[in-house]
Amino acid sequence: MKNQANLPAVKNIVLVHGAFTDGSGYRGIYETLTRQGYQVTVVQNPLTSLKDDVTATQVVLDAQDGPAILAGHSWGGAVITEAGNHPKVAALVYIAAFQPDDQESALQWFRTMPPAPENGILPPDEKGIVYYDKAKYHAGFCADLSQEEAAFMYASQGAFYGKCFFSPITTAAWRHKPAFGIVATDDKSIHPDIQRNMYRRSNTKVTEIKGSHALYVSQPEKVAAVIAAAAQEVSGN
């Protein structure tokens, strides 16, 4: 067994976005971590199925030149739970994210508590696509951003297919890899106690940050610090 000090330093960071947004929200985290010397890649999820999002993430992981930290926001947490079984993944970081176990879905956890009044997740339309109510997007998804930033995020979101929410995890990577989690304490999209309950169940190392569901956009330095700390910890530093 390798001594901790001999483990390769983890310099690669792979970021996975969630529903009702796209990868552009990671700009601040990308810039913060890149300045620190990390190699950062942002996955663009098709949001068409759990399998498709996992495949898109695995393609990015295949291209890494060494071990990587795999971080996911919101729905992206379910994606990294499955994709995190990739051999290059050294640790997982959940950013206000779903963290299902084997045979569990994100929807199961979402239903464990009543949604906040500000929550704007709508039922699937005739094509099976789930949208976030435009009138509630700012208050429910990213209340700590400006109205202009919220409008851009709403306009640039991907079409999220509802079957993603229903899809169960096959093999939860957090069961055999280190996991770190961020609770967004003012989250109106995934109740903070749902986040706490998932992370507690999995013995995830938790950091609580005051912020909305989109705290990865509003507070990129704080979120980046958790990702960097995860990289240092699994590098034996």
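# A walk through the predicted model

Ala-106 touches Trp-75, Phe-98, Pro-100 and Phe-165, leaving out residues up to four places away in sequence. The model in which these contacts occur is a predicted one. Ala-106 belongs to helix H4, which covers residues 106–110. Its relative accessibility is 1%, so Ala-106 counts as buried. Phe-166 is 60 residues away from Ala-106 in sequence, yet the two C-alpha atoms are 6.8 Å apart in space.

Trp-75, one of the residues touched by Ala-106, also takes part in a contact between two helices, H2 and H3. Helix H2 spans residues 50–62 and helix H3 spans residues 75–83; their axes come within 9 Å and cross at roughly 65°. The crossing of H2 and H3 is right-handed. On the H2 side the contact is made by Leu-50, Asp-53, Val-54, Thr-57, Gln-58 and Leu-61, and on the H3 side by Trp-75, Ala-78, Val-79, Glu-82 and Ala-83. Sorted by class, the residues of this contact are seven nonpolar, two polar and two charged.

The loop between strand E4 and H4 comes next. Strand E4 covers residues 89–95, and Gln-103 is found in the loop between E4 and H4. Gln-103 is not a glycine, although its phi is positive, at about 70°. With a relative accessibility of 54%, Gln-103 counts as exposed, because the cut-off for exposed is over 50%. Glu-104 is also placed in the loop between E4 and H4. Is Glu-104 buried or exposed? At 18% relative accessibility, Glu-104 counts as buried, because the cut-off for buried is under 20%.

The surroundings of Glu-104 include both a side-chain pairing and a set of contacts. The side chain of Glu-104 makes a polar contact, at 2.8 Å, with the side chain of Trp-109. Setting aside neighbours within four places in sequence, Glu-104 is in contact with Trp-109, Ser-167, Pro-168, Ile-169 and Arg-201. Ala-90 is 14 residues from Glu-104 along the chain, and the C-alpha atoms of the two are separated by 23 Å.

Phe-20 lies in the loop that runs between strand E1 (12–16) and helix H1 (27–35). The relative accessible area of Phe-20 is 4%, so this residue is buried.

In the segment before E1 is Val-10. Val-10 is buried, with a relative accessible area of 4%. Which residues is Val-10 in contact with, leaving aside its neighbours within four places in sequence? They are Tyr-38, Pro-67, Ala-68, Ile-69, Ala-90, Ala-231, Val-234 and Ser-235. Glu-31 is 21 residues from Val-10 in sequence, and the C-alpha to C-alpha distance between them is 17 Å.

Ser-235, one of the contacts of Val-10, is placed in the segment after H10. At 4% relative accessibility, Ser-235 counts as buried. A polar atom of the Ser-235 side chain lies 2.7 Å from the backbone nitrogen of Val-10. Just after H10, Gly-236 takes a positive phi of about 80°.

Helix H10 itself comprises residues 220–234, 15 residues in total, and reaches 21 Å from its first C-alpha to its last. That span is close to the 21 Å expected at 1.5 Å a residue. The buried residues of H10 include Pro-220, Val-223, Ala-224, Val-226 and Ile-227. Ala-228, Ala-230, Ala-231 and Val-234 of H10 are buried as well. Of these, Ala-231 and Val-234 are among the residues in contact with Val-10.

The last stop is strand E7, residues 179–184, where Ala-184 is found. Ala-184 has a relative accessible area of 0%, so it is buried. Not counting residues up to four places away in sequence, Ala-184 touches Ala-96, Pro-192, Gln-195, Ile-209, Gly-211, Ser-212 and Leu-215. Asp-53, one of the H2 residues in the contact with H3, is 131 residues from Ala-184 in sequence and 23 Å from it in space, C-alpha to C-alpha.

Technical notes:
Residues numbered from 1 in each chain as written. Heavy atoms only, no water. Helix = DSSP H or I, 4+ residues; strand = E, 2+ residues; numbered from the N terminus. Expected span 1.5 Å × (residues − 1). Buried < 20%, exposed > 50% of the residue type's maximum accessible area, 1.4 Å probe, protein only. Axes fitted to C-alpha atoms, helices over the stretch in contact; angles between N-to-C directions. Left-handed = near helix turned anticlockwise from the far one by under 90°. Contact = heavy atoms within 4.5 Å. Nonpolar A, V, L, I, M, F, W, Y, C, P; charged D, E, K, R; others polar. Polar contact = N/O pair within 3.5 Å; in protein donor to acceptor, adjacent residues only side chain to side chain.
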